[in-house]
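Good morning, colleagues. Please look at the structure on the screen while I go through its architecture.

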Amino acid sequence: MSGDSPTSLDAIRMERCLELAREAAARDEVPVGAIVVFEGEIVGEGRNRVEERVSPIAHAEIEALSEAFRTLGAKRLPGAELYCSLEPCFMCAGAILHARVQRVVFGARDPKFGAVRSLATVLEDDRSNHRCTVCEGVGAERSADLLRDFFRARRS
C-alpha cells in the first residue's frame, strides 16, 4: 500500500489531536481528536461529540472539517491536511474526499470501522475522482492506549 512517511511536524500536530481526544474522553465521548491544517496553520479542530450532539455523525473529523470550512469560507480544502488520532471511518473518509483534502495523517488503526487501511482503502481508491496521500501510525500507541483505557473503564 502506498503511503507517506511521517515527519517531526506530523508528531507535533498529532499531539493536538491527542489533547482533543483526551478532552472527548473527559466528556464521556469516545476519545478521538482531529485537526485540519491549511498553509501551515490549524484552521479546524474537532473531537468526538456524538453523545453531546446526540448524533452519530458528530465525529472528530467531521467537526474539524466543518470548522475549517467556516474558517476559510470554502466548501473544498485542496492543499489541506487532516490529522486524526484514529483511522477515519467510511463516513469520515467520504467527507475527506468530498472536501478534496490532500493528505491524511492518522494514529491508530480501527479494525472494526476503519476505511483507510483496516477495512478498505477509500482515500486511495483509483476509481475515485480524488485521492489523498496517507500517513499512518503517528502517535498510534498513545491513541490506542486512550481508546483501550476508555472502553475498559466503561466495562467496569
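Predicted model: local features only at pLDDT ≥ 70, side-chain atom pairs only at ≥ 80, totals over all residues.

Before I turn to individual residues, one definition is required: by contact I mean heavy atoms within 4.5 Å.

Which residues does R13 contact, once its neighbours within four places in sequence are left aside? They are I35, V37, G40, E81 and Y83. R13 has a relative accessibility of 13%, and because buried means under 20%, R13 counts as buried.

Is D10 buried or exposed? D10 is buried, with a relative accessible area of 1%. Its side chain makes a polar contact with the side chain of R103, at 2.7 Å. If we again leave aside neighbours within four places in sequence, the contacts of D10 are S5, Y83, R103, V105, C135 and V138.

I now move to the sheet. Strands of a sheet pair through backbone hydrogen bonds, in either a parallel or an antiparallel sense. In this model, five strands form an open sheet in the order 2-1-3-4-5, and the pairing is mixed. Which strands stand at the edges? They are strand 2, residues 41-47, and strand 5, residues 133-136. Each has a single partner strand, so one side of each is left without a neighbour in the sheet. From one strand to the next, the twist averages 15°.

The two senses of pairing can be seen at strand 3. Strand 1, residues 33-38, pairs with strand 3, residues 81-86, over four bridges in the antiparallel sense. Within that pairing, A34 has C84 of strand 3 as its bridge partner. Strand 3 and strand 4, by contrast, run parallel and are joined by five bridges. Here L86 stands opposite A108 in strand 4.

How many residues of strand 4 are buried? Six of the six are, so strand 4 is largely enclosed by the rest of the structure.

Next, the packing of the helices. Helix 5, residues 140-155, packs on the sheet and touches strand 3 and strand 4, the latter being residues 103-108. The direction of helix 5 makes about 55° with that of strand 4.

Helix 5 also meets helix 1. The axes of helix 1 and helix 5 come within 10 Å and cross at roughly 5°. Angles under 35 degrees count as roughly parallel, which means that helix 1 is roughly parallel to helix 5. On the helix 1 side, the residues that meet helix 5 are E15, L18, A21, R22 and A25. Their counterparts in helix 5 are R142, S143, L146 and F150.

The largest nonpolar core holds 29 residues, of which V36, L65, L82, I96 and L123 touch the most other members. At least two residues of this core come from each of strand 1, helix 3 (60-72), strand 3, helix 4 (90-99) and strand 4. Not counting residues up to four places away in sequence, I96 touches L65, L82, P88, V101, V104, L123 and C132. There is also a second, separate core of twelve residues, including M14, C17, I35 and V105.

Finally, some remarks on backbone geometry. Most residues other than glycine have a negative phi. Two residues here have positive values. D28, which is not a glycine, has a phi near 60°. D28 is placed in the loop between helix 1 and strand 1, and at 45% relative accessibility it counts as partly exposed. E39 has a positive phi of about 50°, although it is not a glycine either. E39 is found in the loop between strand 1 and strand 2. At 70% relative accessibility, E39 counts as exposed.

I close with a glycine. G94 lies in helix 4 and is partly exposed, with a relative accessible area of 21%. How far apart are G94 and G33, in sequence and in space? They are separated by 61 residues in sequence and by 18 Å in space, taken from C-alpha to C-alpha.

Definitions and conventions. Residues numbered from 1 in each chain as written. Heavy atoms only, no water. Pairing = 2+ DSSP bridges. Axes fitted to C-alpha atoms, helices over the stretch in contact; angles between N-to-C directions. Core = buried A, V, L, I, M, F, W, Y, C linked by side-chain atoms within 4.5 Å. Buried < 20%, exposed > 50% of the residue type's maximum accessible area, 1.4 Å probe, protein only. Polar contact = N/O pair within 3.5 Å; in protein donor to acceptor, adjacent residues only side chain to side chain. Parallel < 35°, antiparallel > 145°, perpendicular 65-115°, else oblique.
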